[in-house]
There are 2 protein chains.
Amino acid sequence: MNEISIFRGIDEQDVKYMLKCFQAKTITYKKDTTIISNLANTNIIGIIIDGDANLIRNDYNGNKIVLEKLEKGSIFGEVFSSYSDELSVIATSECVVTTFDYEHIIKRCKKSCPYHNEVINNMLQLLAKKVVVMNNRIDVLTKKTIREKLLEYFSIQEKENISKTFYLKLNFTELADYLGVDRSALMREIKNLKNEGFIETKLNRIKLLY
Amino acid sequence: MNEISIFRGIDEQDVKYMLKCFQAKTITYKKDTTIISNLANTNIIGIIIDGDANLIRNDYNGNKIVLEKLEKGSIFGEVFSSYSDELSVIATSECVVTTFDYEHIIKRCKKSCPYHNEVINNMLQLLAKKVVVMNNRIDVLTKKTIREKLLEYFSIQEKENISKTFYLKLNFTELADYLGVDRSALMREIKNLKNEGFIETKLNRIKLLY
DNA sequence: AAATAAGTGTTGCATTTGCAACAATTTTGA
DNA sequence: TCAAAATTGTTGCAAATGCAACACTTATTT
């Protein structure tokens, strides 16, 4: 997959050295525990070393919304400084997390680690990738009907998988949230698409017939 | 406004030097002319030095969608590499634009300009700001009804202006596109909000009464 | 293994929305 | 300054959607 990670291109020894230089802390969290709360008011960068977590927003009504699913290699905390609602990161499996202060990324360390450039480049690419992912979601959400939203979503999956057959990464409840529509209405529209011969489905496998 | 720009914190002389080092080109475009076409296939970074432009997507139907409004200080081209549709940038007023190759940002130049760090930091912050803006839009688009979308949009404007009275930056046609809804349905809902005493409007000025 | 929770699938109905079409108003530019 | 273009504002109507409620299936927990 050639995934970008914040330490890509830096060898393991140097990563260790750098983390020491950054005064990074690595902690293991149990499932369903809080990794960090009130993220918006910190200058912390976190990296998921292993496991999965969710970036959660608690809005004014007390609703918890999953803003982002974090997995191995994901970073969090880099961009939400302007959020006024409370953000937190919750482990959804046993989870190893490294955190350090954002300052270390932008300000050169005194020892001016030679691999610092590499980290910044990776960071830019991670952010750029995030922008692409968000753009995809906006494209989908901007469509007016559930059918159009679904077809746009399928089209993105088709591109990513380079195949007209793929497995949904979200369950239907999550997909409804992702598309910003009512779940039952989503089910109805999927049924319609099947009946009209646009798609075939089997569990979470989708096959596009057009 | 303390706006971030890619050259913030670097004095004018050094910016000039750096642009030379980057082999940057600065060109003035007339209104409605194409600044760059097929952006997705380039590694170019552009900076709007003066004037306004639109980042346009030509989708498969030939529809032109305004993805982003660019103004003085905006940068473009850095993150859209994965778009398969054609992207272009069109001047919406007389427009001075500087372009250079993305490589210059990430790879240290041979002379290793001392202000290079500053540029990278600014670049990170610009991207981060973009992520925040996109997050706002996703928050709005995810709401199910036009009323909820409008109220969320107003709430963001209220925060940004720190006032319950503010002027819309978009006209109603553009706002309808931004919210992903039909324009006439949007007008209807604004009328309802007025009749029910939630807002007052006068031209593009909105006053929240709650 | 039983109990509980989470997710899927379905339906009737009221409400919301998009669409189409048009008039009125404002802005642009020739 | 006048004509054309763009934007605003309105409405009837059909279609799409959300909501609520429920049965059923699959996971998870104890």
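How many nonpolar, polar and charged residues does the surface near DNA strand C have, by class? In this predicted model, that surface has five nonpolar, five polar and six charged residues.

**Surface near DNA strand C**

DNA strand C is surrounded by 16 residues. The closest are A:Asn171 and A:Ser184 from chain A, along with B:Thr145, B:Asp182 and B:Ala185 from chain B. Two or more residues each come from α5 (172-179) and α6 (183-195) of chain A, and from α4 (146-161) and α6 (183-195) of chain B. The largest share belongs to α6(A), which gives four residues.

**Contact between chains A and B**

Chain A and chain B each put 23 residues into their contact. On the side of chain B that touches chain A, helix α3 (residues 116-142) of chain B supplies the largest share, 15 residues. By class, this side of chain B has 12 nonpolar, five polar and six charged residues.

The class counts for the two surfaces are listed here.

**Hairpin in chain B**

Strands β10 (residues 199-202) and β11 (residues 205-208) of chain B run antiparallel and are joined by four bridges. One bridge pairs B:Lys202 with B:Arg205 in β11(B). β10(B) and β11(B) form a hairpin, with two residues between the strands. In the turn, B:Leu203 has a positive phi of about 50°.

How values were computed:
Residues numbered from 1 in each chain as written. Chains lettered and ligands numbered in written order. Predicted model: local features only at pLDDT ≥ 70, side-chain atom pairs only at ≥ 80, totals over all residues. Contact = placed C-beta atoms within 7 Å. Nonpolar A, V, L, I, M, F, W, Y, C, P; charged D, E, K, R; others polar. Near = placed C-beta within 6 Å. Pairing = 2+ DSSP bridges.
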